[in-house]
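Subject: Handover of a structure and the findings from it

Dear colleague,

Please find below the structure that I am passing on to you. I would be grateful if you would look through it alongside the notes that come after it.

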Amino acid sequence: MNNLTKFEPPLSAAGFLASEAFISLIVGPVGSTKTSAGIMKIAYHAAQMAKSRDGIRRSRCVWVRNTNQMLEDTSIPDFLKWFPDGQAGNFAKVQKRFIMRFSDVECEVLFRGLEDQNDVRRLLSLQISFAVLDEFREINQQIFEALQGRLGRYPDKSLVPPRPEWGNDADGLPIGGCVTDDGTSNRHIWGMTNPPDLDTFWETLLTDPPKNCDVFFQPSGLSQEADWLQYLPSEYYSNLAEGKSQEWIDVYINAQFGKSLAGKPVFSSFKQDIHVAKSPLILQASTLIIGVDAGLTPTATICQLDYQGRLLVHDSITGESMGALRFCREMLKPLLASKYGSRPQIIIIDPAAFQRAQTDERTVADIFKNEGFVVKPALTNTITARIAAVDGYLTRTVDGKPSILFDPGCTKLIMAMRSKYRYKTNTKGETDETPDKTHPWSDLADSLQYACLHADNGATFGAKRMSSRREIKPVQYAYV
Ligand SMILES: Nc1ncnc2c1ncn2[C@@H]1O[C@H](COP(=O)(O)OP(=O)(O)OP(=O)(O)O)[C@@H](O)[C@H]1O
Ligand SMILES: [Mg+2]
């Protein structure tokens, strides 16, 4: 029996199920079909394995859970629900091994808990095709990384000999072994989890994944986009939320990263699923508003207003330990030339950048001006006003949609927004009153703040402060 043909994942898990990436990871609320999709993904990849000499598509998969108890209580029963013992294959309880069989496919699935060093050693000596990490936030980074070296070792080239049509690999060796019918590598590792905590290895990997890793975030269980509710008891999430702390709800229902003990995010209104676009933002014809923070870690955030007044954050770049001139010539100008064409542009910079350094006649603003940019000082550099300008965009909506949208490629800025730009908590548990100055997070946030101050033209923090900086008299005929 092939359950794969009967299984229809919700759209929010379909990309994960069919991802061909070497690593694919899905994060979602409780009950969002993650484990079921992870189980079906075994059959999906197993069915793609090239036939061994005997005509069977053979593969071997290890299913990893942090404890044996968890394996027995949840992972194995979940698995057997989709692949019942005796129907879709056979389960050997003592060895915790399932031989999945359908049509010409045979996949050996080994269930392994990680209780002690022996378990880890045995796990890391396996010859396997695939590995699955269930609730991967509980699994150690070293195990995740070492396990990757065990993949693609089964079937080997003696079982699936190289074929002339597959050619040679990058090392000039004939392709065979753990490959699909067209000779593409068929080694994979995937994982499912509830959101990990902020400031962990997993948070960084999920936010800024390497090229060979696909990441899928499912929406909040309480949102309109939750597309798996039909599989759960009615009013599942509203009932689950009763009596729980907001912190718990945010992780297990809203699918947000768990709190960090190191501090409190400055932009607590920032929500990944609301403020980060699902696909790259489309460039508009309007002026590029480039917020620049020109300290030791020069940073620029490139934004545009769309016709509805929504602020689109396209790019955010940061140069470590390079002067403003090098940053401008080697990072900012090449990016503007390659991606933004001839759109008008304006740089908004910290007012302090207009002050001359004692050692140099030129100001930082002069450096950008000499490179051909129009440069304006931000309306203010008081931190409250700057934060309020960003918060204003985060909390306002335009036609029911957020008034600021981040391109998914702004990974570092998104990390800053989510948590890394923070009020630090000291050892006594007290929170600082001004944001922490850790690079590059504070620089990224600062550059966005300057862009927001310009884009909303002082609307958020009021005209009073503006008028103290420069005199603005109402002019009746200004727009006539
Ligand atoms: N495509 C589907 N068709 C029918 N039922 C499904 C489907 N996907 C999942 N389910 C059912 O929905 C429920 C939740 O699925 P699952 O256990 O996979 O979610 P989960 O995200 O792993 O949950 P948890 O966070 O609790 O581990 C289960 O009862 C499962 O059998
Ligand atoms: Mg699960």
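The notes below describe what was found, beginning with the overall picture and ending with individual residues.

**Overall picture**

Please bear in mind that this is a predicted model. The protein has 480 residues, and 50% of them are buried. Its secondary structure consists of 15 helices and 18 strands.

**The ligand and its surroundings**

The shell around ligand 1 has 14 residues, and the closest of them are Ser32, Lys34, Thr35, Ser36 and Lys81. Two helices, α2 (34-46) and α3 (68-82), each contribute at least two residues to this shell. The largest share, 3 residues, is that of α2.

Several backbone atoms of the protein make polar contacts with ligand 1. A nitrogen atom of ligand 1 lies 2.9 Å from a backbone N or O atom of Glu8. A polar backbone atom of Gly31 is 2.9 Å from an oxygen atom of the ligand, and a polar backbone atom of Ser32 is likewise 2.9 Å from a ligand oxygen atom. Ligand 1 taken alone would expose 630 Å², of which the protein buries 75%.

**Cysteines**

How many disulfides does the structure hold? The number is 0. Cys107 takes part in no disulfide, and the nearest cysteine sulfur, which belongs to Cys61, is 5.4 Å away. A disulfide requires the two sulfur atoms to be within 2.5 Å. Cys107 counts as buried, because its relative accessibility is 0%.

For Cys410, the closest cysteine sulfur is that of Cys303, at 8.2 Å, which is too far for a bond. Cys410 is also buried, with a relative accessible area of 3%.

**A buried arginine**

Arg57 is placed in strand β2 (residues 57-65). Is this residue buried or exposed? Arg57 counts as buried, since its relative accessibility is 12% and the cut-off for buried is under 20%. The side chain of Arg57 reaches the backbone oxygen of Met49 at a distance of 3.0 Å.

**Backbone geometry**

Most residues other than glycine have a negative phi, and most peptide bonds are trans. The following places in the model depart from that pattern.

One runs from Tyr154 to Pro155, with omega near -5°, and Pro155 is placed in the loop between α5 and β7. Another runs from His439 to Pro440, again with omega near -5°. Pro440 belongs to the loop between β18 (422-424) and α14 (441-455).

Positive phi values are found at two residues other than glycine. Ser321 has a phi of about 45° and is found in the loop between β12 (311-318) and α10 (324-340). Ser321 is exposed, its relative accessible area being 67%. Asp399 has a phi near 55°, and its place is in the loop between β15 (397-398) and β16 (401-402). Asp399 counts as exposed at 67% relative accessibility.

**Two further loop residues**

Gly177 is in the loop between α5 (141-147) and β7 (188-193). With a relative accessibility of 3%, Gly177 counts as buried. Gly177 and Leu151 are separated by 26 residues in sequence and by 11 Å in space, C-alpha to C-alpha.

Pro408 lies in the loop between β17 (404-406) and α13 (411-420). Pro408 is partly exposed, because its relative accessible area of 28% falls between the limits of 20% and 50%. In sequence, Pro408 and Leu281 are 127 residues apart, while their C-alpha atoms are 8.2 Å apart in space.

Yours sincerely

Methods
Residues are numbered from 1 along each chain as its sequence is written. Chains are lettered from A and ligands numbered from 1 in the order in which they are written. This is a predicted model: local features need pLDDT of at least 70, side-chain atom pairs count only at pLDDT 80 or more; totals for chains, interfaces and linings use all residues. Side-chain values use heavy atoms; hydrogens and water are left out. Buried means under 20% relative accessible area, exposed over 50%, partly exposed in between (1.4 Å probe, protein chains only). A residue is near a molecule or strand if one of its heavy atoms lies within 4 Å of it. A polar contact is a pair of N or O atoms within 3.5 Å; within protein, one must be able to donate a hydrogen and the other to accept it, and residues adjacent in sequence count only if both atoms are side-chain atoms. Accessible areas come from the Shrake-Rupley method with a 1.4 Å probe; for residues, only the protein chains shown count as cover. Helices (H or I, at least four residues) and strands (E, at least two) are DSSP runs, numbered from the N terminus.
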